[in-house]
Every structure is written in C-alpha cells, then in structure tokens.
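Hi everyone, thanks for making time today. Let me put the structure up on the screen, and then we can walk through it together.

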Amino acid sequence: MIALNYSQFRENMKANLDLVTDDYETLIITRKDNKNAVIMSEAMYNNLMENIYIMSNKNNYYWLMESKRQLEKGMTSIRTLINTDEE
C-alpha cells in the first residue's frame with residue numbers, strides 16, 4: 001500500500017496507475033481533513049466485491065468452508081464429463 005498526496009499522484013499518474021493495474025498495488029491519495037481516497041485495480045475491486053458477497057451469506061460461507069475442509073483432507077474425486085452434443 002502506497003500513500004501519496006494529490007500532487008504526487010498527479011505528477012506521475014500513468015506510472016502510479018500502472019502500479020495499481022500491473023502490480024496490484026493499492027494507492028491511498030491523502031487529502032486535507034483526512035478525506036483520503038483509495039485507488040485499486042478493477043480486478044482487485046471485483047475480487048473484493050465477490051468475497052464480500054460470499055461471506056455475507058452464512059449458507060455460502062459454510063458451504064465454502066466445508067468444501068475447503070474436504071479438499072484439505074483429500075476428500076476429492078475425479079469425474080469424466082459426458083458430452084451430450086455427440087449423437
């Protein structure tokens with residue numbers, strides 16, 4: 001996480017945005033009166049929103065944790081998919 005003031009961000013906007021999109025860095029733009037802003041990549045934002053959605057529903061969360069437990073214990077199986085397009 002990098003903190004820059006507005007002038008520093010503006011002086012090197014392309015380089016700073018490249019850090020965000022290419023290196024998944026999060027930028028904090030500091031402003032007067034602690035009215036700061038955060039810049040993150042769209043991919044990071046989408047991931048964050050998906051995680052919030054999954055964790056906000058108890059049933060989704062428990063299902064995910066149970067799946068993780070099964071994976072860690074090796075309780076997996078390989079299945080062959082049936083192609084229904086072939087006749």
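This is a predicted model: local features need pLDDT of at least 70, side-chain atom pairs count only at pLDDT 80 or more; totals for chains, interfaces and linings use all residues.

Let's begin with strand S2, which covers residues 27–30. Which of its residues sit on the covered face? Those are Leu 27 and Ile 29, while Ile 28 and Thr 30 are on the uncovered one.

Now for the neighbours of S2. Strand S1, residues 2–5, pairs with S2 in the parallel sense, over 4 bridges. If you want a spot to look at, find Ile 2, which stands opposite Leu 27 in S2. Strand S3, residues 37–39, pairs with S2 too, but here the sense is antiparallel and there are 3 bridges. In that pairing Ile 29 has Ala 37 of S3 as its bridge partner. S2 and S3 form a hairpin with 6 residues between the strands, and Asp 33 in this hairpin takes a positive phi near 60 degrees.

On to the charged side chains. How many salt bridges does a search of the whole structure find? The count is 3.

One of them joins Asp 18 to Lys 14, with 2.8 Å between the closest N and O atoms. Both residues belong to helix H2, residues 13–23, and they are 4 residues apart, about one turn of the helix. Is Lys 14 buried or exposed? Lys 14 is exposed, because its relative accessible area is 61% and the cut-off is over 50%. Asp 18 has 27% relative accessibility, so it counts as partly exposed.

Next, please look at helix H4, residues 58–72, where Glu 66 and Arg 69 lie 3 residues apart, again about one turn of the helix. Their side chains meet in a salt bridge at 2.6 Å, N to O. Glu 66 is partly exposed at 31%, and Arg 69 is partly exposed at 34% relative accessibility.

Helix H4 also holds Glu 72 and Lys 68, which are about one helical turn from each other because they are 4 residues apart. These two form a salt bridge as well, with their closest N and O atoms 3.2 Å apart. Glu 72 counts as exposed at 58% relative accessibility, whereas Lys 68, at 45%, is partly exposed.

Methods:
Residues are numbered from 1 along each chain as its sequence is written. Side-chain values use heavy atoms; hydrogens and water are left out. Buried means under 20% relative accessible area, exposed over 50%, partly exposed in between (1.4 Å probe, protein chains only). Helices (H or I, at least four residues) and strands (E, at least two) are DSSP runs, numbered from the N terminus. Two strands pair if DSSP finds at least two bridges between them. A salt bridge is a side-chain nitrogen of Lys or Arg within 4 Å of a carboxyl oxygen of Asp or Glu.
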